[in-house]
Amino acid sequence: MMALGLLSLIILACLLAPYYASSIAHENPFVSNVQGSITLGGKTVSVLQPSTVGFGVTPIGPTWHFSTYFLGADPQGRDVFARLLYGGRDSLFIGFSSAVICCFFATALGMVAGYFGGVVDWIVSRLFDIIWAFPVYLLAISLSVILLTSGLNVGFIHIQPGSLVLPILIIASVYIPYVGRPVRGLVMTLREREFIQAAIGSGASDWRILRRDVFPNVAPTVIVFFPMMVAFNMLTESALSFLSIGVQPPNASWGTIINDGLDLLYTRPWVSIAPGIGIVLTCAALNLLGDGVRDAFDPKAKLRGGA
Amino acid sequence: MSTNEHAAPVLELTDLSVSFSTRQGLIRAVDGLSLSVGRGEVHGIVGESGSGKSVAMYSLLGLTRDANASITGSVRFEGREILGSGDKAMQPIRGGEIGMIFQDPMTALTPVYTVGWQIVEQIRQHTDLTKAQAKARAIELLGEVGIPDAKRRVDSYPHEFSGGMRQRVVIAMAMSCNPKLLIADEPTTALDVTTQAQILDLMSRLRDVHNSSIVIITHDMGVIAEMADRVTVMYAGRPIEAGPELDVVRHPRHPYTWGLLGAVPRIGERSERLATIAGNVMSPLDVPVGCAFAPRCAYVMDECAARPPWSDGDHRSACWLSDTQRVALRRKES
Amino acid sequence: MLLFIVRRLISAFLVMFSISVVVFLIFFATPGVNPAARIAGRSASPEVLAHVAAEFGLNRPLPIRYGLMMWHLLFQQDLTSYVNIGVKVIPQITGAAPITLSLIVGAAVLWLLAGVAGGLVAAANRGKWIDPLIMFGGIAAVSIPAYWLGEVVNLVTQNKFHSLFSWLPAPGYVSITQSPWQWALHLIFPWITLATLYAGVYARVLRAELVNALNEDYVRTARAKGLSERRILVKHALRCSLVAIVSLFGLDFGSLVGGAALLTEVVFGLNGIGMLTYNSLLNLDLPVIMGCVMYGAFFIVLASAVVDVLYAFLDPRVRSVH
């Protein structure tokens with residue numbers, strides 16, 4: 001319950017990002033503000049100051065004034081807190097939508113493989129095996145490297161290289177076996193159960209049986225997986241973005257902001273630390289929620305766990 | 001009937017109750033069970049699954065791990081009160097003085113150790129024997145329970161035995177420290193008919209050799225007739241009839257016991273023991289205030305709305321039927 | 001048992017063979033792509049292209065090409081990068097492997113210790129305050145991005161509280177043969193960083209397995225035997241739960257050695273296999289990618305074979321089936 005509350009709070013804050021940027025901070029977090037200055041305690045302070053060591057600039061640190069540069073600025077003079085909220089929108093969006101896509105395809109493939117068996121099952125299982133045999137990050141990196149340079153052009157589908165859709169598709173596809181395998185196993189045991197056998201015997205079409213009899217029994221499993229997948233996907237997205245092969249500028253996600261802050265790590269650590277905390281809190285809330293959902297759908301697990 | 005009937009009982013339960021608080025409400029799994037087991041005596045507890053007979057036995061050994069369970073009453077073993085004495089105090093009793101045999105021999109043994117290892121583990125827990133001595137004793141025990149080639153089989157894993165052989169291993173393990181009392185929870189239910197007879201035979205023989213007392217839990221009146229000296233019949237957690245085996249089997253007083261014995265053929269039905277008792281055991285959450293069996297009883301009367309008293313004497317029962325009513329009913333039916 | 005191991009190794013070899021064929025087909029037989037141009041990298045001269053074509057027998061039948069490829073990769077070991085001209089692939093991999101192995105073996109020791117201890121303590125204290133505390137710690141651990149944790153660790157140890165960590169050398173790698181003490185000192189925080197996530201996962205998985213095991217009939221038997229709770233937990237429940245942990249460990253270890261430790265390597269500046277793969281992917285350095293993929297696949301397959309053999313040691317039921 002606490003997890004759900006925290007999660008809603010984070011989502012709400014991120015949804016309010018444009019309001020914060022335009023009405024409170026009066027900064028556009030996507031435009032460089034190299035020459036800018038703000039008034040702080042009666043004094044005028046420029047957002048970017050010459051670096052005390054070596055070359056480059058040191059952006060202003062956290063002011064802890066909610067209305068302006070709350071967490072300081074990044075090397076381009078942009079408000080870190082506003083970017084954090086915007087970045088959270090992309091991170092959450094990618095996490096949720098890739099989890100939806102992943103769970104959709106995993107459920108469809110797992111159900112079809114488990115229900116029809118034979119050649120279909122063999123093909124789907126081998127597909128899962130191949131994806132499974134690669135370390136997730138390597139697979140995601142390979143796909144990203146190829147797709148991000150050229151975009152995706154298959155038939156009538158054209159996706160621009162910088163689009164958010166690419167990381168979503170990449171992340172969704174690498175995790176399909178994680179959900180698909182349990183679904184397939186579940187459907188295989190369901191298929192032997194009387195009510196499915198009865199439905200088959202009564203001459204109902206396969207599509208109808210899958211929809212009416214199999215899916216309702218698979219859905220709880222997928223729902224249990226869902227919050228965990230969102231957390232997984234957000235972590236993967238942030239890792240790819242951190243390696244600059246995930247979300248591409250001008251879009252920002254928590255991963256890219258951490259990457260932006262790397263050069264400033266020792267002088268303005270908040271630029272990198274804050275989005276990391278955002279990721280940790282969101283993922284922890286999602287994982288807690290996942291545990292709660294599992295207990296709700298599987299009271300036996302709860303009973304056994306509590307016994 | 002045991003000759004030591006008047007000596008101090010090995011096990012004496014007084015008003016044992018076990019209840020579980022759940023989200024749906026309080027479940028009284030065992031409700032006021034009293035019984036006493038004499039030395040060398042075989043006491044049968046009979047009832048349908050869910051009647052609380054196993055829960056009662058697990059609770060007396062402190063094997064009920066549920067944090068929501070509350071256990072009240074008294075359990076005296078060899079004259080000592082053992083209920084609620086905690087794991088530390090119970091450990092020498094469990095396996096040392098009270099052996100236990102379980103329903104499903106397929107899952108009762110840890111799959112990753114040889115049967116010899118598991119028997120040796122128990123022997124060494126309770127005695128000062130060396131590993132070699134304990135192993136020799138394990139081989140001896142396996143031979144005693146009728147496992148051929150025990151010297152070799154002692155190093156086999158549980159999955160390498162058939163169900164009947166595994167139950168023999170479990171019995172050998174339960175007997176390994178010469179316990180004064182053996183609790184057997186449906187020891188034959190999971191086995192086929194011929195193996196059942198062999199296992200019952202084995203237990204009778206072991207009782208005679210070691211003079212240990214046995215509490216046998218079953219839903220099968222056949223097992224009771226073959227093994228037991230005394231019987232307690234349980235329904236929905238409550239004892240409803242108890243007495244010497246011959247009395248209960250020949251002159252059952254409670255309509256539920258009639259059903260169990262298949263002694264009361266009903267119109268249009270052939271007797272098939274349990275199957276002929278109409279209806280199922282009700283949900284443990286809505287046991288009636290009065291007689292628990294009333295909803296399924298063919299002879300239910302107005303009095304059954306109140307809980308029937310536990311009659312006195314050697315053959316006791318909890319039913320509102322008077323002796324004359326009983327005789328009339330039984331004469332009419334037969 | 002020996003027969004079982006031999007049979008398992010033969011099947012592992014067959015899987016390796018099929019993976020090598022698949023990798024070969026992806027790089028050399030994708031229709032419409034000139035493999036020579038791919039291997040030679042961007043903007044290669046015609047001479048280089050011709051050289052590549054001759055070296056890999058690109059105008060000869062597929063099986064011979066596969067043979068040549070494997071010959072260069074495994075026996076001749078002279079596969080060369082065309083991006084960083086003249087740098088041989090195999091020495092690069094064998095040079096990077098000890099770094100990755102050092103990182104992972106040390107981290108594995110830590111996460112196994114922490115994960116097993118956490119799972120045991122949590123399962124033994126179900127219903128008390130310490131169980132949810134450990135499980136919450138586990139959730140936190142699996143929710144932290146490893147690279148970010150690494151950055152924070154760097155920030156704390158190298159900058160903010162550097163005075164406390166003055167004993168700590170700058171990030172980098174020192175070979176164990178050079179100085180075991182410096183080796184461990186350089187790797188201690190990378191180990192902790194990498195181990196955190198896995199310790200969380202293992203504690204959670206082990207607790208779930210133990211709680212299931214503790215509800216099994218054999219645990220009830222063990223209690224009825226008069227064993228102490230500690231002995232029941234360790235000798236019976238843990239022993240039976242180890243099977244799940246071992247199989248998980250095999251997969252994780254294999255994929256980490258195969259390159260999944262990349263993020264930790266990047267953050268701590270360790271030039272291991274992950275870093276090598278990552279760089280070669282960014283440069284589209286195909287010979288190196290191929291070498292790394294083959295190497296990674298090799299470890300994943302090997303790890304799963306070792307897991308199966310360990311399985312048979314841990315679970316007598318598996319032994320008798322085979």
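A residue counts as buried if 20 or more other C-beta atoms, placed from the backbone, lie within 10 Å of its own, as exposed if 12 or fewer do, and as partly exposed in between. This is a predicted model, where local features need pLDDT of at least 70, side-chain atom pairs count only at pLDDT 80 or more, and totals for chains, interfaces and linings use all residues. Residues are numbered from 1 along each chain as its sequence is written, with chains lettered from A and ligands numbered from 1 in the order in which they are written.

**Stop 1: chain B**

Select strand 10, residues 238–244 of chain B. Six of its seven residues are buried, so the rest of the structure largely encloses this strand. Strands are DSSP runs of E, at least two residues, and helices are runs of H or I, at least four, numbered from the N terminus.

Strands 9 and 10 pair antiparallel over six bridges; pairing takes at least two DSSP bridges. Thr232(B) faces Ala242(B) across the pair. Two residues separate the strands of this hairpin, and Ala236(B) has a positive phi near 50 degrees there.

Strand 10 of chain B joins strand 11 antiparallel through two bridges. Pick Glu241(B): its bridge partner in strand 11 is Ser317(B).

**Stop 2: chain C**

Colour domain 1 (15–76) and domain 2 (91–321) of chain C. These bounds come from an automatic or database domain assignment. The C-alpha centres of the two domains lie 36 Å apart.
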